[in-house]
Each structure stands twice: as structure tokens, then as C-alpha cells.
Amino acid sequence: MSNVKRLAMLGITKEYPGCKANDEVFLDIEHGEIHALLGENGAGKSTLMKMLYGVVKPDSGSIIWNGKPVSIDQPSVARGLGIGMVFQHFSLFETLTVSENIALVLGDQAGNSKTLADRIKTTSERYGMPLDPDRRISSLSTGERQRVEIVRCLLLNLQLLILDEPTSVLTPQEVDNLFKTLRQLTKEGCSVLFISHKLHEVTELCDSATILRAGKVTGHCNPKEETSESIARMMVGEDIAISNDCRRSLGTDVFANIENLSTTSTGQFDVALKNINLQVKRGEIVGIAGIAGNGQEELLKALSGEDIHPNSKSITFAGTVIDQLTPLQRRRLGLAFVPEDRLGRGAVPDLDLCDNALLTSFDSGLVKNGFLRKSKIVELADKIIKKYKVKTAGNHDAAASLSGGNLQKFIVGREIDQEPNFLLMSHPTWGVDIGAQVAIHDAILQLRDRGCAILIVSEDLDELYKISDRLGAICDGQISQFLAPEVLPLVKLGQWMAGDFDTTTADNKGVSQHD
Ligand SMILES: Nc1ncnc2c1ncn2[C@@H]1O[C@H](COP(=O)(O)OP(=O)(O)OP(=O)(O)O)[C@@H](O)[C@H]1O
């Protein structure tokens, strides 16, 4: 191929009210390279990708594709050019099969169902990500769902694959497989645009990188010649201490006690919890690893009160049985909760940050004699924005207008600020940039050191190893034994996540595991 680049984005600008999301951005991608797009939360990465995929229209600038100017005004145009995108949130219908989901996007190109099923089988096997076309999405693991999304792109005569935070939902083995597939794709000339906050993955995988800061390109580099620290400096403009310092704690007395908690599944996609026994002490962080859909949602709902089990007496907070209590009553006993789904359950998308702060903090002096104390609410929202460096035009921005990582910082800040006795968190730093990850982990550790009992469910094993005092796994509604991270090899945790553990020996009272 001549000097013609696969893609050149020239002087792309996109402005939202009060915010220039992209400011004269230039981005070049060569044939067959894995190119990283890096930047802090709110730097403008998703906006740029959405313009390339035809979801958002640029205000100015042009896109040159294989040497020719193009106008990509909808995703079908992007797909027609051979541009595929896998979003952080998969767009698959649970009740349909793999084939049916793929057919929906391919439209006329899908052909008849037999031909399509054969193509799915051949292509998925060729790229080392085998898929059964007849399986329902609901029965697939997260890694398998991601395969469906990628294979759907591969059937499109793919020339550029855009992946937005693809590894945050994968087990270590699945990450290895994904990287092998990506390398195979690039050998065949396909280019990959890779967005990630996991800098060690970028240095391992990517051939080049463009760095964005506040909507502008601030640099380029070859990640293989950089370290996580040097890339972080380019992103943030200053040094960030990326430490793996694990200050462990044994905790004191038990705050949350779960004894023989079992539930029945109420729907096709629920997982029944089976005889869960777990204690979380004040001043300790318990981490639960697991592949999505193995009961972590159900466990969090049973603890937070989103699911109430009126006939059970399995959970106590500081000795008080809470199974029958509403979420508000549990919050009044000191519970705070960061759910997985930030837009919808963590925050109301259309409400501004003040109202979203009020949602879970109204008990802490924000309401007096039935009246809202507006100045106090604004004060709280501003305090969270400042302390957690949430990038926003102001406290009256709607939650939905924040970038994913900035909204996550706001929700985590709001819950930690309540000084809870028991903090439940699902994926606390999902989609959060490296600087904010460090800040959130510090805030969690400090809260623990002030005596809070903390339970974290995450698929990010680096995170769990870094901050948990005891670590275990959940699989098919059952939990493993819990051990200090130092005595729990990653391979063992991987086996536990796959259900290879003996439930009869599980001792989750947090007594002798540090010995
Ligand atoms: N629909 C919108 N309305 C208003 N502002 C928006 C909208 N979409 C994005 N923004 C703003 O544009 C800026 C860039 O957001 P973008 O989502 O592109 O960042 P990002 O680099 O992808 O961040 P993250 O790593 O957190 O996903 C942010 O300040 C965000 O608040």
C-alpha cells in the first residue's frame, strides 16, 4: 500500500453547551496498526469515536478514509466503509440467539439463516473466538457476549475496529485471547483503535498512541517505549504516583453478617444465591471477584434492600436483622451503595448534579421541616465536584451529560462523603482514568481506616488485588473461601471464578486468613 493512511481525522471540533469536547483534533491511523486513544475522563475520546462511527456530527473538520473524504452521518455508513465499533455497553438482545442478534445489524447482508450460522461459525473459529450461533445471549458469559459484538464486526469486511474499554469486563484468560485475536486481525491489514485506561495493556499491545487532554491532542508516542507512569504524565500533565502499596488491615468487630443466605431465582436471567456465609468487619475491605452474571447483582441487591426477602433472617448490620428493612432504613443504619449501573441506578440521567447529590444524601441535613435547603445542596454538590475533580461545566449539568468516568467519580464521592458504616460498591473505578483511580482507591482506603466495613464486587482483578484485605470469588450463586491477596495466586482466583472451589471448607469469617 502507498502512503495513504487508513484514516485521517483533520481538525475535528465538537462543542457542547459550556464545553468544547473536541478542539481541532487530528488523528492518523495506519493500515494494520493498533492505535491507542488515551486521555483523562472527559478528555473527549468517546466524542471523537462517536463522530467516526456516525453517532455524533462534528461542528467542523473532515474525515479522510483510505485517502478519500467521507461524510459519516450514521452508523450504517460507518459499517458500510468497514468501520466496526464495540461499545462499553453491549447492544445485544438477551432473549435472541447469537445469529438473530447478528442478523439484526447486518440486515440484507446477513443472507439466509443457514448461511449466516455457517459464516458465524467459520469466522469466529478462524479468529480464535468460537461461538455457537444458536445459543441465546442470556446464556453467554460477558466474554462470550463481547465475542458476539466483535464477530458481528468481522462479518462486515472490517478495516477498522474501534474498541472502547474492551478489557474491563474480561477475565485474565479472556484478555489474552482478545489480544491474540487483535494481533491476528492486524496481520491481515485491519487497523484497531483501542481506548483504555489500563496503561499496562496499552504498553503491551499498542503500536502507537494519540493523547488527548481537554479536547485537544497533546502528544503522540510509541507505547512500547513508554511506561505506565510516563504515559500517565502525558495524559494529566503532571506526575501521578501509581503505587501498588497494599496497606492491609485485619478489621475489628463484624458489621455485616450474612449467614446461610439463599434466594430463589424469580426470572429467567436471575441467579439464585446458595447458602452464602460472609462477614465484613469494620475497618476491612472484602473483595469479591467473579464473571458477570454469577450472583453478584443478586447479592448486592439483597444487601442494599433493592430485593427484600421478607421471610429470611440471614443478614445483620451491627447485630440488627435487616432482611425486612427498606433501602432507606438500611441507609439509616449506615449503608451507602455504589451500584454497577451508574446511569439509571447510580444517578438519574436527566437530573442535575445537585438533585443527584440530594437523592441519597437528603438525610444529612439537606432537608429541614420538609423544605429543601438549596444552599446546602449546592454546597454538597460543589464539594464532591471539587474533591473528586469531576469535570463538568457546573453543578447544574445533567448527570447524562458527564463523561462516564466523571459521573462515576461523582457517585463514588457522594457515597463516601456520607461517612457510611458499611459501603457496598460494584466496580468502583470502572471507566475511571488513572489519576482518578488512585484518588478513589485512596478515598476508599481512608474510609476503611476510619472504621468503615467495605464490600467490593469487581471484575477488575488488578483493583481487587490492590485494595482488598480479603479476596474471594462468586460463581453460580456460591462464594468461595476468602484469603489475603498475598496468599491467593491469580491462577487460583481464576479457578474460583470458574466455580472450582469446595464450598464445604469455605470459612469467610476473616479470622485466620492472614496467617
Ligand atoms: N451530550 C453531551 N452534552 C453535553 N456535554 C457532553 C455530551 N457528551 C459529552 N459531553 C462533554 O464532553 C466532554 C468529553 O466527553 P467524552 O465522553 O468524549 O470524554 P471521554 O474522554 O470519553 O471520557 P471517559 O474516559 O470518562 O469516558 C466531557 O466534558 C463531557 O461532559
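Which glycine follows helix 6, and what is its phi? I found glycine 189 there, with a positive phi near 100°.

**Ground rules.** I am working with a predicted model, where local features need pLDDT of at least 70 and side-chain atom pairs count only at pLDDT 80 or more, while totals for chains, interfaces and linings use all residues. Residues are numbered from 1 along each chain as its sequence is written.

**Helix 6.** I stayed with this helix, residues 172-187. Helices here are DSSP runs of H or I with at least four residues, strands are E runs of at least two, and both are numbered from the N terminus.

Next I asked which residues of helix 6 are buried. I count a residue as buried if 20 or more other C-beta atoms lie within 10 Å of its own, exposed if 12 or fewer, and partly exposed in between, with C-beta atoms placed from the backbone. The buried ones are Glu174, Val175, Leu178, Thr181, Leu182 and Leu185. They cover an arc of only 125° around the axis, which puts them on the same side of helix 6; the arc is that of the directions from the helix axis to the C-beta atoms. An α-helix has 3.6 residues a turn, so residues three or four places apart point the same way. On the other side of helix 6 I found Asp176, Arg183 and Lys187 exposed.

The buried residues of helix 6 pack against several elements, including helix 5 (142-154), strand 7 (160-164) and helix 7 (199-205). A contact here means two C-beta atoms, placed from the backbone, within 7 Å.

**Ligand shell.** I counted 20 residues around the ligand, the closest being Asn41, Ser46, Thr47, Ser403 and Gly405. Strand 2 (19-29), helix 1 (45-52) and helix 13 (404-416) each supply at least two shell residues. By class, the shell has 5 nonpolar, 12 polar and 3 charged residues. Nonpolar covers Ala, Val, Leu, Ile, Met, Phe, Trp, Tyr, Cys and Pro, charged covers Asp, Glu, Lys and Arg, and the others, Gly among them, are polar.

**Alanine 453.** This residue is in strand 20 (residues 453-458). Alanine 453 is buried, with 29 other C-beta atoms within 10 Å. Leaving aside neighbours within four places in sequence, I see alanine 453 in contact with residues including Phe255, Val280 and Phe422.

**Two asparagines.** Most residues other than glycine have a negative phi. Asparagine 66, however, has a positive phi near 50°; I found it in the loop between strand 4 (60-65) and strand 5 (68-70). Asparagine 66 is partly exposed, with 16 other C-beta atoms within 10 Å. Asparagine 260 also has a positive phi, about 50°, but lies in strand 11 (residues 254-261). Asparagine 260 is exposed, with 11 other C-beta atoms within 10 Å.

**Whole chain.** I ended with the overall picture: the chain has 16 helices and 22 strands. Buried residues make up 46% of its 515 residues.

Note on methods:
A residue is near a molecule or strand if its C-beta atom, placed from the backbone, lies within 6 Å of it. The expected span of a helix is 1.5 Å times one less than its number of residues.
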